[in-house]
Amino acid sequence: MASEAKRPIGLFRNLAAKIAAIPMILTALVVFLGGTLWTVTYSFTNSKLLPRADFVGFDQYERLWATERWQVSIENLMIYGLCSLVFSFIIGFVLAALMDQKIRFENTFRTIILYPFALSFIVTGLVWQWLLNPDLGIQNVIRSLGFTNFDFNPLYNPDIVIYGVLIAGLWQGTGLVMVLMLAGLRGIDGDIWKAARVDGIPMWKTYLFIVIPMMRPVFITTLVIIASGIVRLYDLIVAQTSGGPGISSEVPAKYVYDYMFQGQNLGQGFAASTMMLLAVAIVIIPWAMLEFGGKKRV
Amino acid sequence: MSDPGILAVTKAGTDPVRAQLDGPSGTRPRRLISRRNIFLYGTLILVSLYYLLPLYVMIVTSLKGMPEIRMGNIFAPPVEITFEPWVKAWSEACTGLNCDGLSRGFWNSVRITVPSVILSIAIASVNGYALANWRFKGADIFFTILIFGAFIPYQVMLYPIVILLREMGLYGTLWGLVLVHSVFGMPILTLLFRNYFTSLPEELFKAARVDGAGFWGIYFQIMLPMSLPIFVVAMILQVTGIWNDFLFGVVYTKPEYYPMTVQLNNIVNSVQGVKEYNVNMAATILTGLVPLVIYFVSGRLFVRGIAAGAVKG
Amino acid sequence: MTDANRKSVEIKNLDLNFGAVKVLRNLNLDVYEGEFLVLLGSSGCGKSTLLNCIAGLLEITEGQIWIKGTNVTWAEPSARGIGMVFQSYALYPQMTVEGNMSFGLKNARVPKPQIKERVARAAEVLQIEPLLKRKPSALSGGQRQRVAIGRALVRDVDVFLFDEPLSNLDAKLRADLRVELKQLHHRLKNTMIYVTHDQVEAMTLASRIAIMKDGMIQQLASPEEIYSRPANLYVADFIGSPAMNLVKGTVSGNRFTSGALSIPLDGYDFTRPAKGEAWFGIRPEHILVGDDARTGDAVLDLEAEVVEPLGSDTLILTSLNGGRFWLRTDGQTRIRSGDHITVGLRTADASLFDTGDEARL
C-alpha cells in the first residue's frame with residue numbers, strides 16, 4: 001500500500017496547467033472583466049482630472065448626448081459603418097467569387113488586394129490624405145486633363161469628409177473580407193458545383209440561391225470581425241483628417257481619447273466608451289447566442 | 001438478376017472501334033481569349049491597379065523634389081530622382097518636439113515589438129496548450145471571457161490599464177507598453193494556439209503521458225517541435241499588429257518612447273513649417289516597410305494568420 | 001498458458017461519468033497474467049474509454065484499478081507499469097524511430113547504455129533494426145505500427161494496452177500484423193488488453209473476449225464459448241457475419257414452435273427453466289443443406305431468394321415466418337435464386353433467449 005500514489009486533490013490537481021494559465025486568468029478577470037466593470041461604474045461619476053467615486057447618476061450620459069461633437073461622431077460612425085459593411089461585403093464577395101474561378105496568378109492578385117491590410121491605419125490615412133489633396137492630388141490631375149469643373153475634394157468638405165475616410169478604409173479592409181469569403185467558398189463541398197452543373201443551373205443562380213445561403217456562418221463571423229473593428233475606428237481619422245474640418249469627421253473613439261487624456265474630463269470619456277461597449281454588445285450578444293446557444297444542445 | 005458476365009463483354013467490345021468515331025472527339029477546344037476571360041481578368045487587373053495606385057504614388061512622390069511636386073501630376077514618374085526626402089525623413093524630420101527624424105521612432109518600435117512579440121507568444125502558446133490538452137475546471141470560463149474581451153473596444157479598458165500600470169510603476173515605460181501588447185494579443189493568439197494544439201492528434205499526447213512526460217516535458221519536447229508553422233503565423237500576426245499600433249503607443253508611453261506610427265503622424269500632421277510632401281511620403285513608406293516586407297515574404301502564412309480570427313473556436 | 005491464479009489487472013466497481021452521461025457502469029473485470037484479453041464492441045460502447053482508464057489517461061469517477069497487486073487508481077500513466085499502442089500510432093514526428101522508442105526511458109532516467117540495449121532488443125524482436133535512424137514520416141503504415149509496438153516493448157512492462165492498433169491499416173496488412181501480434185504474444189507471454197471493433201481480430205487473437213455495450217460487459221468468455229453459447233441476444237447478434245438467425249416463437253412442452261418451425265429441445269442445455277415466448281437462434285453456417293438436411297432435428301422447406309457466391313462459400317437468403325433467414329453453404333453449390341431447398345436444424349447448435357431480459361435460456 002505504501003507505493004500507492006496519493007490522490008492529488010482540489011486546487012493542486014493539474015497544477016502546472018493552472019500555473020501556466022495564470023496570465024490568461026489575470027487578463028480575463030482583471031483587465032477585461034475588471035477594467036470594463038470599472039469603466040462602466042466610473043461613467044456614473046463626475047470624475048474630471050482624476051477618477052472620483054462621486055456618483056451623479058446619468059449626468060455624464062445626458063451631457064454626452066447633448067454634446068454636438070458626440071452627435072456628429074455617432075452620425076459619422078453610422079454612415080461609415082453602414083457603408084463600410086455594405087461595400088466591403090459586396091466588393092469582397094465579388095472579388096472572392098472571381099478569384100474562385102480557377103484563375104491563373106491567383107496568388108499575385110490576392111497579394112495585391114490584401115497588402116493594404118498589412119499596413120498601419122496611420123500609413124493608410126496619410127497616403128489617402130495625400131491622394132485626396134485638392135491642390136496636388138487626384139482632383140488636380142483630372143482637372144489638368146481638361147475637366148476643369150471636376151470636383152472631388154472630400155477631405156475639405158464637411159458634408160462628405162466621412163466618405164473620404166470611407167474610401168481609405170475600404171481600400172485597406174476589403175482584402176480581408178475577400179480572403180475570409182474566399183476561405184468560405186473553398187470550404188464548400190465541390191460536389192455542389194458538380195450537381196449544379198449537371199442540373200444546368202446558371203452560375204449566378206448557384207451563387208445566389210445555393211452558395212451564399214451555405215456561407216451564412218462565414219458571413220456572420222466576418223460581420224462580427226468587421227463590425228467590431230469599425231466601432232474602434234480611430235487611427236485612420238487621426239491620420240487622415242484629425243477629425244476636421246472642424247468637428248465634421250469626429251468619431252466616438254476619438255471623443256473618448258480626447259476627453260480622457262486631453263480634455264481632462266474622465267467622466268465624459270468613461271460614458272462615451274461605455275456607449276461604444278453598448279454598440280459592440282448589440283452586435284456581439286445576438287451572435288454569441290446564435291453561435292454558442294446552438295452548440296449547447298449538441 | 002442477369003448474368004454479370006454479359007455486361008462485361010459489351011463494355012470491353014467498345015474499345016476497338018475508337019478510331020472511327022465521328023463528331024466531337026478528344027479534348028474540347030478552349031479559347032484563351034473568351035468573353036469570360038476578358039471580363040474575369042479585366043476586372044481583376046483593374047482592381048489590382050486601383051489597389052496598387054496608392055503605393056505607386058507614395059513611391060514616386062517620395063522620389064521627387066518639392067518644386068516638381070508643386071508643378072506636376074502626382075501620378076507622373078519623377079523626372080529627376082532624388083533620395084534626399086528619404087534621408088530627411090529618416091534623420092532630420094521634425095515632430096514639433098525634436099528634429100531627429102523617424103529613426104528614433106523606428107528604434108523605439110523595434111524595442112517595443114521584439115519583447116512584446118516574444119512575451120505574448122510565449123504566454124499565449126502555453127495558454128493554448130493548457131487549454132487544448134490539460135483542461136481544468138473553469139478553464140473554459142476564463143477562455144470565454146478572454147475571447148469576448150477581444151471584441152470589447154479598447155477605449156473601455158484604456159483608463160483602468162493606466163491605473164494598473166501606474167500601480168506597478170510601469171506607466172510611461174517601454175515595459176508597460178510591452179505588457180499592454182501582450183495582454184491585448186492574448187485572445188487571438190490563445191485562440192490560434194488552442195485550435196492548433198487541439199488539431200494535433202490527441203493520441204500523441206496520451207503516448208507522451210504513458211512515456212512519463214509531464215506538462216512542460218510534453219510542451220517542449222513534443223508540441224513545440226511540431227508547431228513551428230503556427231509559431232511563425234503568430235509571429236507575423238504580432239509583428240505587424242504591434243508595429244502598426246498607434247493608440248497604445250500614444251496612451252501608454254512618453255514622447256521619448258513613441259513608436260514609429262505615432263512619430264510618423266506627428267511629423268506629417270504637425271502644423272509647423274511648410275508641408276514637404278515628398279518627405280512625408282518617404283516617412284510613410286518607411287513606417288509601412290516592416291509590415292510590408294513581412295507580408296510579401298510570408299505570403300500564405302499571413303493569410304493563415306488573419307483567417308485564424310475567423311476560425312471558430 | 002494462462003496462470004489462472006495470478007491476476008494482472010483488476011478493475012473493481014468502476015464507474016466513469018462525463019457530467020450526467022454514465023460511460024462505464026459498475027464494471028468489474030479481472031485479467032490474468034499472460035492473458036490476451038480483447039475488449040470488443042461497437043463504437044461508443046465504452047471499450048476505448050475503459051482502456052484509457054486502465055492507462056490512467058482518464059480519471060475515473062468511482063471504483064479502483066489494480067495492476068500487479070498495486071492499487072494504481074490515482075497513479076500517473078507512466079507509473080502504472082503499462083505500455084500502450086494507439087490506433088493512429090501516435091509516433092512523435094520530429095524524433096527518429098530510435099528517439100521514439102527511447103523517449104519514455106529517458107523520461108524515466110534509465111541509464112544510456114541500458115536504453116540502447118533495450119531499444120536494440122525490441123528492434124530485433126520486431127525486425128525494425130534497419131529503420132532505427134528514420135523519421136516516422138519515412139515509414140509505411142505497417143512499419144509505423146511496429147515502431148509503436150516497439151515503443152511499448154522497450155518499457156519492459158507487464159501489461160500492454162492496444163487501442164484498435166490495426167484499424168488504420170489496409171485489409172491485407174491487417175491480417176499479416178494480426179498473425180505477428182499473436183506470435184509476439186506467444187513469445188513474450190505478457191498480459192495484453194486489446195480493444196477492437198473487429199470480431200475477426202477478437203476471435204483470432206483473444207484468450208478471452210469481453211463484449212461490451214453501453215458501458216457494461218455483456219459476456220466475458222473464450223472465443224469458442226462466445227461463438228457457440230452467447231450469453232444474450234446482443235452478443236448473439238453481434239458475433240458472426242451474417243449474424244445469427246433469430247426466430248420468435250414459444251417454448252412449451254420441451255418444444256420450440258414458431259409457424260412452420262417446430263423443433264424438439266431435448267438436447268438443449270438450458271441455463272434456467274423456460275416457458276412461453278422466446279427467441280430461437282441458429283447460425284447460418286450451422287444449418288444443414290443438401291444430403292445432411294434430413295439428419296436435422298427439424299426439417300424445413302425454404303425458397304432461395306438471393307444467392308451470394310463468395311467463392312469459398314455461398315450465402316443464401318431465405319425467409320422464415322416473414323423474417324430473413326440466412327444459410328451458409330459451400331462454394332460449389334448449384335442452388336440458384338428461386339430454387340426450393342430442404343434444410344435441417346440441430347437442437348444442439350441452437351441458442352434460446354428470453355424475450356424479456358434477452359438473456360440466454
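## Exercises on a three-chain prediction

UniProt (an unreviewed entry) marks the feature "transmembrane region" at residues 38-59, 112-132, 141-162, 174-193, 214-237 and 279-297 of chain B. Those positions follow the numbering used here, with feature names shortened, and such annotations may be inferred rather than shown by experiment. The model is predicted: local features need pLDDT of at least 70, side-chain atom pairs count only at pLDDT 80 or more, and totals for chains, interfaces and linings use all residues. Residues are numbered from 1 along each chain as its sequence is written, while chains are lettered from A and ligands numbered from 1 in the order in which they are written.

**Exercise 1.** Find the helix content and end-to-end C-alpha distance of residues 38-59 of chain B, then of residues 279-297 of chain B.

*Solution.* Start with residues 38-59 of chain B: 100% helix, 0% strand, ends 30 Å apart. Now take residues 279-297 of chain B: 100% helix and 0% strand again, with ends 26 Å apart. Helices here are DSSP runs (H or I, at least four residues), and strands are too (E, at least two), numbered from the N terminus.

**Exercise 2.** Work out how the two domains of chain C touch.

*Solution.* First, the bounds: domain 1 is 3-229 and domain 2 is 235-354 in chain C, from an automatic or database assignment. Their C-alpha centres sit 38 Å apart. Next, the contact (C-beta atoms, placed from the backbone, within 7 Å) takes 7 residues from domain 1 of chain C and 4 residues from domain 2 of chain C. On the domain 1 side, β10 (216-221) and α7 (223-228) of chain C are the elements giving two or more residues.
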